[in-house]
Amino acid sequence: MPLFSVVIPTFNRAALLEETLASVFAQTLTDFEVIVVDDGSTDGTGELLARYGTRVRVFHQRNAGQGVARNLGIREARGDYVVFLDSDDLWPPWTLATFQQVLQSQGPLTLVMGRAHAFQDARELSVLEDGPVTARRFDDYLASADATFIRTACAVAVRTEALRRVGGFSDRRVSAEDYDLLYRLGVEPGFAYVESPVTLGYRQHATSSSRDLDRGYEGTLFLLEQERRGHYPGGAARRRERLAMLLFGLRHVTHWLLEHGHRRQALALYARGLRFHRVLPRWRYLLGFPPWVLAVSLRSRR
């Protein structure tokens with residue numbers, strides 16, 4: 001069985017998927033399988049995938065969203081670890097070798113998170129360099145609450161057994177399904193963040209889900225509700241760590257909404273977070289955000 005199962009969900013991205021797969025097959029480490037889940041594409045994705053033959057294990061489903069597609073890949077994975085890659089993103093050639101080195105040097109680990117580099121044109125990734133691997137190890141994911149790195153399930157390797165035990169991704173179409181998964185993996189033993197080298201090229205374009213303001217708002221509400229209902233592990237003893245990460249994300253999203261003119265959503269999310277901020281107050285934000293909303297509103301009326 002392979003060390004890694006690379007799971008790629010895709011929907012109507014045939015033009016980009018070919019480039020993504022090329023970056024996978026250019027890996028210096030070859031101990032992996034590739035699983036592509038076609039989430040009901042209508043653009044010729046099936047024909048493209050057929051050209052790869054047995055190099056790619058292909059599964060098809062009716063359009064149900066990225067989370068459901070990833071879960072199908074998790075169920076079918078034969079590797080010790082699942083590594084997720086979106087069908088518009090790219091890997092430098094050393095990504096899987098870097099993850100393997102971290103697992104060997106920092107292990108045992110449930111979760112390894114890589115470092116992402118945003119790009120619009122693939123030629124921008126030519127500046128990336130392989131180099132000495134450096135990583136920070138934590139007892140578990142929640143223990144990294146005070147660390148200031150970008151967190152995303154688009155750049156992680158997760159022990160397959162742990163993924164299945166926590167139930168994989170939410171099947172809801174929310175942009176925060178990756179954060180939800182990370183919180184549910186929160187107390188699984190062993191987490192490492194790769195500080196260098198960069199292991200993911202994250203493509204930014206008009207259809208990137210992270211640019212969807214409404215989904216960002218709804219996804220943050222979903223995470224808060226999951227916390228309120230006690231769906232995340234660690235109990236009261238680890239609540240401050242969970243809230244440190246949840247509220248950091250909430251503050252980021254409220255600023256993002258306000259900057260794009262979504263004042264009502266920004267204030268609604270601010271209000272929804274107050275009960276959580278009472279546990280872990282950030283006074284500069286709590287006192288400063290409402291006047292900022294008022295100032296933005298006055299400027300927009302001029």
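View 1. Leaving aside residues up to four places away in sequence, Arg251 touches His277, Arg282 and Tyr285. This is a predicted model, and in it Arg251 sits in helix H8. Which side chain of opposite charge is nearest to Arg251? That would be Asp146, 9.1 Å away. Arg251 is buried, yet it has no salt bridge, because a salt bridge here needs a side-chain nitrogen of Lys or Arg within 4 Å of a carboxyl oxygen of Asp or Glu.

**View 2. Helix H6, largely enclosed.** Helix H6 covers residues 177–184, and seven of the eight are buried, so the rest of the structure largely encloses this helix. The buried ones are Glu177, Asp178, Asp180, Leu181, Leu182, Tyr183 and Arg184. What do these buried residues pack against? Their partners are helix H3 (66–76), strand E5, helix H5 (160–166), helix H7 (213–228) and helix H8 (239–259).

**View 3. Tyr141 in the largest nonpolar core.** The largest nonpolar core has 60 residues, and Tyr141 is listed with Phe84, Met113, Phe191 and Leu269 as having the most contacts inside it. Helix H8 supplies the largest share of this core, 10 residues. Zoom in on Tyr141 and you'll find it touching Leu111, Met113, Arg151, Leu182, Tyr183, Leu185, Gly186, Phe191 and Met245, again not counting residues up to four places away in sequence. Two of these, Leu182 and Tyr183, also turn up among the buried residues of H6. There's a second, separate core too: 32 residues, including Phe32, Leu48, Trp91 and Cys154.

View 4. Gly107 and Pro108 are joined by a cis bond, with omega about 0°. Pro108 lies in the loop between helix H4 (95–106) and strand E5 (111–113). The other cis bond links Ser196 to Pro197, also with omega about 0°. Where does Pro197 sit? Look in the loop between strand E9 (191–196) and strand E10 (200–203).

**View 5. Asn12 and its positive phi.** Most residues other than glycine have a negative phi. Asn12 isn't a glycine, but its phi is positive, about 50°. Asn12 is in the loop between strand E1 (4–10) and helix H1 (14–25). Buried, exposed or partly exposed: which is Asn12? Its relative accessibility is 31%, so Asn12 counts as partly exposed.

Terms used:
Residues numbered from 1 in each chain as written. Predicted model: local features only at pLDDT ≥ 70, side-chain atom pairs only at ≥ 80, totals over all residues. Heavy atoms only, no water. Helix = DSSP H or I, 4+ residues; strand = E, 2+ residues; numbered from the N terminus. Buried < 20%, exposed > 50% of the residue type's maximum accessible area, 1.4 Å probe, protein only. Contact = heavy atoms within 4.5 Å. Core = buried A, V, L, I, M, F, W, Y, C linked by side-chain atoms within 4.5 Å. Lys, Arg positive; Asp, Glu negative; His and termini not counted.
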